[in-house]
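Here's a quick briefing on a two-chain complex to read alongside the sequence and the 3D view. Have a look at the picture first, then work through the notes below.

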Amino acid sequence: MRFMFHRAPMGAIDDSTLSSARVGKIYELVGVDAGQGLRDKICAMGLNSGAQLKIILNSGRGPVELEVRQTRLGIGRGMARKIRVVEVAT
Amino acid sequence: MRLSKAPLTIALAGNPNSGKTSIFNHLTGANQHVGNYPGVTVEKKQGRLNFKGHHIAVVDLPGTYSLSAHSIEEIVARHYIINDKPDAILNIVDASNLERNLFLTTQLMEFNVPVIIALNMSDMAHSRGMEIDREKLSRLLGVAVVPTVGHKGKGLDELVQQALDTINNPKGYHPAQVNYGRELEHELGSLAHALEFDKSLLNGYEPRWTALKLLENDNEIREMVGFSAPGQKITEAAEDARRKLQSLFGDEPASIISDRRYGFISGACSEAVALTEHHRHNVSDTIDLLLIHPVLGLPIFGVLIWMMFNLTFSLGEKPVEWIEVGVSFLGRAAERILPGGILADMIVDGIIPGVGGVLVFLPNIMILFFCIALLEDTGYMARAAFVMDRLMHRIGLHGKSFIPMVIGFGCSGPAYMTARILEDKSDRLITMHVTSFMSCGARLPIYILVCGAFWPVHAGNVVFSIYLLGIVVAIATVKLLRASRFRGMSADFIMELPPYRIPTARSLLIHMWERARVYLQKAGTMILAASIIIWFLMTFPQKNKFDTDYDSLINQTETTALAGEISDTEKNRLIAQYEGQREAERIEFSFVGRLGRLIEPAIKPLGFDWRLGIALISGFAAKEVVVSTMGTIYGVSDNEAESGSLRRKLAEDPQYSKLIAYAFLVFVLLYIPCMAAMVVFLRETGSWKEVGYQLLYTTSWAYVLALIVYQGGKILGLG
C-alpha cells in the first residue's frame, strides 16, 4: 500500500533531490520546495508526495526524464533541484 | 426529462495527449468552428454532431491536467462547465495512463454535470498488459465508462449513446465522492453550510466545490466569495481552517486534498486494474534512446527543423507562383473590365495586390502547419522541447520557444501563430516579441539590393552579419524583458513525453485546414481594410500638375522614334524613365510622401533622407514592398528594379555611403514587422497593449542601433 509509508518512507537509503537521482533507480517523492502554484501543477501531472519515480535519463545537465504513474515526464534541471526524493530499496 | 429532440451540448474534457482532439474530430468531422474564448487567447473549438436525430453541440475544452486556477486553460475549462452548464461532460481518459488521468476526473465529478468516461486508447493499455475491468471501475467511480479507440473512431457511438442515456436519466447518476478525511470533511461541511446560507455568494457554484476551493486557497474563488462583507467572514473562516489543517498535517491543505484524490484513485485502480505483465514503452524507449540522446539529440533536432523549414519554402514555391500568376491575372482582368475611376484604382492598385500579397503565403502556411502537426501528433514535439530546454533555458526561454523562432526566419506571421505551443503566458509573449528579430524571408530582397549596391564582393558576409545581429538582439531582448516586464525565470519545464504514435492523415489534414482557415479569414477582413488605407495614403492627395510635363516628353519621344531618330529600345527606356519620374513626383506629393518629409528630421541622425523614410514606411504594408517603393522613388520601373539599375542608382548616389547603407540594413532588420504580421500578433495576444510594446521594442532597437552604427561610424571616420 502506498499510504503506509506516506511522508515517512521506511525504505529510505539516501536523502537528496531529483537532480542527483541515478538512472534506473526508483525513488519516492517526499516534498517539493516551491510555492503552492508550482506544487499543484506538478501534482496534477502525477507527482505528489509518496509517488514512486523511476529515473530514465539524467545526464547531469539539461532536463531529467522519469516515469511516474505509467507516464513519462521531462523535468527541467531547475525544477528537479526543488523536488526532494529518497531512494527506495528494491 | 428533456425533450429528446431539443438541442444538447456536450463538452469534451481531458488531459493533453489523451486523444481528446481525435475524438472531437471524429465526432464532428468537418462541422467545426474555431474561435477564442472571450477576452483570452485560448482556442474554443466547437462542432456539431447529428446522432440518431439528436442535434448535439460538441465543445472541445482545453486539455488540462487539473482544474485549479493556475493556468488560463484551467480557468477557461472550469468557467465553461460552471457557467455554460453543458448537458454532459465526456471525460477522455488515456487508459494506458489511468491514475494520472483520473486526477482530473475526480475534479470533474465534483460539478453538478453528469460525467461519462471514455476509456480511450484501451487497445494500447491492453497491449501493455493492463486489464481494466470497466464494470468495476464504473461502479467504484459511480460514472459510466465506455472503452474507445479515438483515432480509429471505435466505441464513439456507444459513448454518445451512453451520454444521451445519462442525460435522460439524471436520477440514475450518482458519482462517487472523494472522502477527504475526517478533519478536512469537517471543515468542508461547515464552510459549505455557511455558503449555502447565503446563496448570493455562490454565483451558481456548488457549495461543496466552492468550500473545497477555499480550502485549497484558490485565488479566483477566494476573491469571488470575499467580495462582500458576509462573504469576507467566510473567507476568514476558511483561512482559519486552513491554518488549523496546516498545523495538524504539517502541509498545505491543497496538497492534502490532492493526496486524498490520488488515494481514492489508487484505491479504485488497485481493484479495477490488473497488471498482467510489465512491458511498456518498448518501442518508444528505443526511439528515445536516439532522439533525446544527450549528444545526438541536438543535431537530430537541428536536421528535422532544417528539413521542415526547407520543405515549407521549397515545396511551397510552385503553388506560390501559381497564386502570384492568378493574382496578377485577376489584377489585369479587373483593370480591363472595370470602368476607369477611383474605385477601379482602389481595386486594381490597392485591394488586389494587398490581399493577394498575403494570399501568396497560404501554401507555405499550410505546409508549415502540416509539418508541425506531424511533429506534434507523433509525439516528437515534446522531445524537441526536452532536447532544446538546456540551451534555451540559459537564455531565459522555454525549450519550445525555439520552434517559433526558427519559423520566424521564414515569416513572422506563422511564427507568432506557432508560439501557441507555449502554455505559459509570459513565455509565449517573450517568444513572440523576440521572434520579430529573426530576420524574415521578405527582408532578404532588401538586403540583396543594398548589399549588392555597396558591397558587391562581400555581400554574403554582410547579409550574414545582419542575420547574426538579429539573433544577438533577440537574446538581449529576452534578458531585458526577463529583468523588467516579465520578471523571473522562464516557466519551469515539466512536460509529458507521450509514447510515439503514428498520426492519422485525417487529423493532420484537419490541423492544417484549421490554420489555413484562420489565415484566410484574416486576409478577407483586416488585411483588406489595411490595404485600402495604405492605397489611399499613397494615392491622395492627387497631383494633377507636375513640375515637368511628362506627357509631352513622352509624346515627343514617340514622335522622334517614329521619325527613326532613336531606336525602339531607346524609346522604351526613355518612356519608362519619364513614367518613373512622374510616379516619384506623384508619391512625393501624396500623404505617404509628406510623411516621409515629415519624419526626415527624425531619421536624419541615422543618415537617412526622406526617400529612405518612405521606403521604410511602405515596408509596413509588406517588407517586399520596400524594394518596389525604392524603385518607384528613384524613378526606376518595376522590371528594371530587378535588373540592377536600381542597384547602380543607389551605389552612384552621392548622398549615400557604405555607412548609411549598413545603418539602413540594421534598421530594416529590426524595425516593425509588416502589417499582416501585426494583425496576427494582435489576434494571438488579444491585446493592443502588447502590439504597442512590440512597436516600441522593435522601433527603439532599430533606431538606437542604426544611430550607433551611423554616428559611431562617423566618429571613427568610416563615413
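From the N terminus on, the elements of chain A run β-β-α-β-β-β-α-β, which makes 2 helices and 6 strands. Keep in mind that everything here comes from a predicted model. The predictor gives the complex an ipTM of 0.83 and a pTM of 0.77. For chain B, the mean pLDDT is 86, with 94% of the residues at 70 or more.

**Chain A on its own**

- Chain A has 90 residues, and 43% of them count as buried.
- Take the contacts in chain A between residues at least 6 apart in sequence: 62% of them join residues at least 24 apart.
- Strand 4 (residues 64-68) of chain A pairs with strand 5 of chain A in the antiparallel sense, over 5 bridges.
- Those two strands of chain A form a hairpin with 2 residues between them, and Arg69(A) in the turn has a positive phi of about 45 degrees.
- Within that pairing, Val68(A) has Thr71(A) in strand 5 of chain A as its bridge partner.
- How many residues of strand 5 of chain A are buried? The count is 5 of its 5, so to speak a strand that is mostly covered.
- On one side of strand 5 of chain A sit Thr71(A), Leu73(A) and Ile75(A), on the other Arg72(A) and Gly74(A), and all are buried.

**Where chain A meets chain B**

- The contact between the chains takes 31 residues of chain A and 34 residues of chain B.
- Helix 1 (36-44), strand 5 (71-75) and helix 2 (77-80) of chain A each supply at least two residues to the side that touches chain B.
- Helix 1 of chain A gives the most to that side, with 9 residues.
- By type, the residues on this side of chain A divide into 11 nonpolar, 12 polar and 8 charged.
- Which strand of chain B pairs with strand 5 of chain A? Strand 10 (residues 494-496) of chain B does, in the antiparallel sense and over 3 bridges.
- In that pairing, Leu73(A) has Glu496(B) as its bridge partner, and Gly74(A) has Met495(B).

**Domains of chain B**

- The domain assignment of chain B gives domain 1 (8-172), domain 2 (182-249) and domain 3 (297-443 + 480-505).
- Domain 1 and domain 2 of chain B have C-alpha centres that lie 28 Å apart.
- Their contact takes 7 residues from domain 1 of chain B and 7 residues from domain 2 of chain B.
- On the domain 1 side of that contact, the residues divide into 4 nonpolar, 2 polar and 1 charged.

**Nonpolar cores**

- The largest nonpolar core has 187 residues, of which Leu90(B), Ile116(B), Ala663(B), Phe664(B) and Phe667(B) touch the most other members.
- Helix 32 (residues 658-670) of chain B gives the most to this core, with 11 residues.
- Why does this core lie between domain 1 and domain 3 of chain B? Both domains give residues to it, so it lies between them.
- Not counting residues up to four places away in sequence, Leu90(B) touches Ile10(B), Leu12(B), Ile116(B), Ala118(B), Leu159(B) and Ala163(B).

**Covered elements in chain B**

- Helix 1 (residues 20-28) of chain B is mostly covered, with 9 of its 9 residues buried.
- The buried residues of this helix include Lys20(B), Asn25(B) and His26(B), along with Ile23(B), Phe24(B) and Leu27(B).
- Just after helix 1 of chain B, Gly29(B) takes a positive phi of about 60 degrees.
- Strand 8 (residues 144-148) of chain B has 5 of its 5 residues buried, so it is largely enclosed by the rest of the structure.
- From strand 8 of chain B, Ala144(B), Val146(B) and Thr148(B) point one way and Val145(B) and Pro147(B) the other, and all are buried.
- Strand 6 (residues 115-120) of chain B pairs with strand 8 of chain B in the parallel sense over 5 bridges, and Asn120(B) stands opposite Thr148(B).

Conventions:
Residues are numbered from 1 along each chain as its sequence is written. Chains are lettered from A and ligands numbered from 1 in the order in which they are written. This is a predicted model: local features need pLDDT of at least 70, side-chain atom pairs count only at pLDDT 80 or more; totals for chains, interfaces and linings use all residues. Two residues are in contact if their C-beta atoms, placed from the backbone, lie within 7 Å. Helices (H or I, at least four residues) and strands (E, at least two) are DSSP runs, numbered from the N terminus. Ala, Val, Leu, Ile, Met, Phe, Trp, Tyr, Cys and Pro count as nonpolar, Asp, Glu, Lys and Arg as charged, and the others, Gly among them, as polar. Two strands pair if DSSP finds at least two bridges between them. pLDDT is the predictor's confidence in each residue, from 0 to 100. A residue is buried if 20 or more other C-beta atoms lie within 10 Å of its own, exposed if 12 or fewer, and partly exposed in between; C-beta atoms are placed from the backbone. Domain bounds come from an automatic or database domain assignment. A nonpolar core is a set of buried Ala, Val, Leu, Ile, Met, Phe, Trp, Tyr and Cys residues joined through C-beta atoms within 7 Å.
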